[in-house]
Amino acid sequence: MSLVSKLIGKRYIYQSLKYVPSAGLYGATGFTFLCYFTDWKLVLQYVPYYNTKFPKEVEE
C-alpha cells in the first residue's frame, strides 16, 4: 500500500479521481479568464499559434 492510500483511504482516492476532469476544466477556464483580464500578450507570446500574431519590435 502506498503512503497516500494509508493516509486518505482507497475510497476517498477513488472518489477524488472522478473529479479530475471537472477540476481540469475549471482550471483551464480560469486560466483563460486570467489571460483575458490581464496582460494577455505577455502570456500568449509563448503559445505557438498566437506567437506569430505579435511581431517582435526591432530595436535599432
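Reply:
**The aromatic pair and its surroundings**

The protein chain has 5 helices and 0 strands, and, read along the sequence, its elements follow the pattern α-α-α-α-α. Among the elements of the chain, helix α3 (residues 20–37) has the highest mean pLDDT, 90, whereas helix α5 (residues 48–51) has the lowest, 64. Where pLDDT is low, the predicted coordinates should not be read in detail.

Now to the pair itself. A search of the whole structure finds 1 aromatic pair, and Phe33 and Phe37 are the residues that form it. A pair of aromatic rings is described by the distance of the centres and the angle of the planes; for Phe33 and Phe37 these are 6.2 Å centre to centre and 20° between the planes. The pair counts as stacked because its planes, at 20°, fall under the cut-off of 30 degrees. Phe33 and Phe37 both belong to helix α3, and because they are 4 residues apart in that helix, about one helical turn separates them. Both Phe33 and Phe37 are exposed.

As for the chain around the pair, 7% of the 60 residues of the protein chain count as buried, and the chain exposes about 6,000 Å², of which carbon and sulfur atoms supply 65%.

A nonpolar patch on the surface gives a further view of that exterior: Leu3, Val4, Leu7, Ile8 and Tyr12 form the patch, and together they have about 560 Å² of accessible area. Helix α1 (residues 3–8) contributes the largest share of the patch, with 4 residues. Leu3 lies in helix α1, and Leu3 counts as exposed because its relative accessibility is 62%, where the cut-off is over 50%.

To return to the part you asked about, the stacked pair is formed by Phe33 and Phe37, with both residues exposed and both in helix α3, the element with the highest mean pLDDT in the chain.

Note on methods: Residues numbered from 1 in each chain as written. Predicted model: local features only at pLDDT ≥ 70, side-chain atom pairs only at ≥ 80, totals over all residues. Heavy atoms only, no water. Patch = residues over 30% accessible without salt bridge, like charges linked within 9 Å, V, L, I, M, F, W, Y side chains within 5 Å. Areas by Shrake-Rupley, 256 points an atom, 1.4 Å probe, with all protein chains shown as cover. Salt bridge = Lys/Arg side-chain N within 4 Å of Asp/Glu carboxyl O. Helix = DSSP H or I, 4+ residues; strand = E, 2+ residues; numbered from the N terminus. Buried < 20%, exposed > 50% of the residue type's maximum accessible area, 1.4 Å probe, protein only. pLDDT = per-residue confidence, 0-100. Phe/Tyr/Trp six-rings, centres within 6.5 Å; stacked < 30°, edge-to-face > 60°.
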